[in-house]
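Please keep the structure in view while reading.

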Amino acid sequence: MHYLDEGPRDGEVVLALHGNPSWSYYWRHLVRGLRDRYRVVVPDHVGMGLSDKPDDDRDALPRYDYTLQSRVDDLQALLEHLGIDGPLTLAVHDWGGMIGFGWALERMPRVRRLVVLNTAAFPMPAGKPMPWQIALGRDYNIGELVIRGFNAFSAGASWLGVERRMPREVRRAYVAPYDSWANRIATVRFMQDIPLRPGDRAWPLVEASGQRLREYADRPAFIGWGLKDFVFDRDFLARFRSDWPQAEVHAFEDAGHYVLEDRHEVLVPAIRGFLDRHPL
């Protein structure tokens, strides 16, 4: 498991979790904006970024089970490895939200501040259809071929996930870890693990997280949102705002899913100011 661990060892910990199909590179602007004072820990989930990308075939050695629970277990293992067992700030984006809030279910007192960027910590809002792009990716035949064969999800997200066009070198960096059929396994397994109904493997964690979301309303929360996100749209933002009425909200009409790409010049100093105003 590859990870970044930047800043003073005795600094207040900011744990930043990426989603799919990005990697720790997504958080680079925030890392640079915080590491003079804060200890910023940013893992690449197994199968993503610069982490190993094991197979999940029954006879594979090593073998990895690409499930939400595995991600939660990995996160705890990393924090134990780093000797981090105290209070921290949880920063999440995309599927990093479910990993982070899934991890926090048994450790809620340790989460003292929240930074939430275009993510979810609860099941799909009632009556909301799954975007066709995600539904296609969940298909174990067509989705597997399109995503693993052509890197359609990672490459497509680098174009469709922003309102401000990425420079070529940035776009290349986003897709670089996913350069073969084998190395794209996690990008499709993440999508196939999205829980839509009871009985799906990740449903218990997602349901429990949603039921307890309001319990964070007593601590500082920062919400940064790209309103042009075609998945985590205004309905998801409305749920966070409803459960956390005290949250500091920065929503941008001119930003998409990768809100830190579109508006990092505004968000990084705003997040830094938020953390400075609410010390642990």
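Among contacts between residues at least 6 apart in sequence, 79% join residues at least 24 apart, where contact means heavy atoms within 4.5 Å. The model is a predicted one, in which local features need pLDDT of at least 70 and side-chain atom pairs count only at pLDDT 80 or more, while totals for chains, interfaces and linings use all residues. Residues are numbered from 1 along each chain as its sequence is written, and side-chain values use heavy atoms, with hydrogens and water left out.

The protein has eleven helices and seven strands; these elements are DSSP runs numbered from the N terminus, with helices being H or I of at least four residues and strands E of at least two. Its radius of gyration is 17 Å, close to the 19 Å that the globule rule gives for 280 residues, so the protein is as compact as a globular protein of that length. That radius is taken over C-alpha atoms, and the globule rule is 2.2 Å times the number of residues to the power 0.38. Along the principal axes, the C-alpha atoms fill a box of roughly 50 × 40 × 40 Å.

The accessible surface comes to about 11900 Å², and 53% of it belongs to carbon and sulfur atoms. Accessible areas come from the Shrake-Rupley method with a 1.4 Å probe; for residues, only the protein chains shown count as cover. Of the 280 residues, 59% are buried (buried means under 20% relative accessible area, exposed over 50%, and partly exposed in between, with a 1.4 Å probe and protein chains only).

In soluble globular proteins, nonpolar side chains tend to be buried together. The largest nonpolar core of this model has 85 residues, of which Trp27, Phe101, Tyr216, Trp225, Phe240 and Trp244 touch the most other members. Helix α11, residues 259-277, gives the most to this core, with eight residues. A nonpolar core is here a set of buried Ala, Val, Leu, Ile, Met, Phe, Trp, Tyr and Cys residues joined through side-chain atoms within 4.5 Å.

Which elements does helix α3 pack against? The buried residues of α3 pack against β2 (13-17), α2 (68-82), β4 (88-94), β5 (111-119), α8 (185-192) and α9 (203-211). Helix α3 itself spans residues 96-104 and is mostly covered, with nine of its nine residues buried. Among them are Met98, Ile99, Phe101 and Trp103.

The structure holds 15 aromatic pairs. Rings of Phe, Tyr and Trp (its six-membered ring) pair if their centres lie within 6.5 Å; planes under 30 degrees apart count as stacked, over 60 as edge-to-face and the rest as tilted. Tyr26 and Trp27 form an edge-to-face pair, 5.3 Å centre to centre with 80° between the planes. The rings of Phe101 and Tyr216 have their centres 5.2 Å apart and their planes at 85°, so this pair is edge-to-face. Phe101 lies in helix α3 and Tyr216 in the loop between α9 and β6 (221-226), so the pair ties together parts that are 115 residues apart in sequence. Phe101 is buried at a relative accessible area of 1%, and Tyr216 is buried at 2%.

Phe101 and Tyr216 also belong to one aromatic cluster with Phe122, Trp225, Phe232, Phe236, Phe240 and Trp244. Leaving aside neighbours within four places in sequence, Trp244 is in contact with Phe101, Leu114, Val116, Leu213, Tyr216, Ala217, Ala221 and Ile223. At Phe122, the charged end of Arg239 sits over the ring, 4.7 Å from its centre. The charged end of Arg28 is likewise placed over the ring of Tyr25, 4.0 Å from its centre. A charge sits over a ring if NZ of Lys or CZ of Arg is within 6 Å of the ring centre and within 35 degrees of the ring normal.

A cis peptide bond joins Asn20 and Pro21, with omega about 10°, and Pro21 is placed in the loop between β2 and α1 (28-34). Another cis peptide bond joins Leu61 and Pro62, with omega about -5°; Pro62 is in the loop between β3 (39-43) and α2. Asp94, in strand β4, has a positive phi of about 55° although it is not a glycine. Asn118, in strand β5, has a positive phi near 40° and is buried, with a relative accessible area of 0%.
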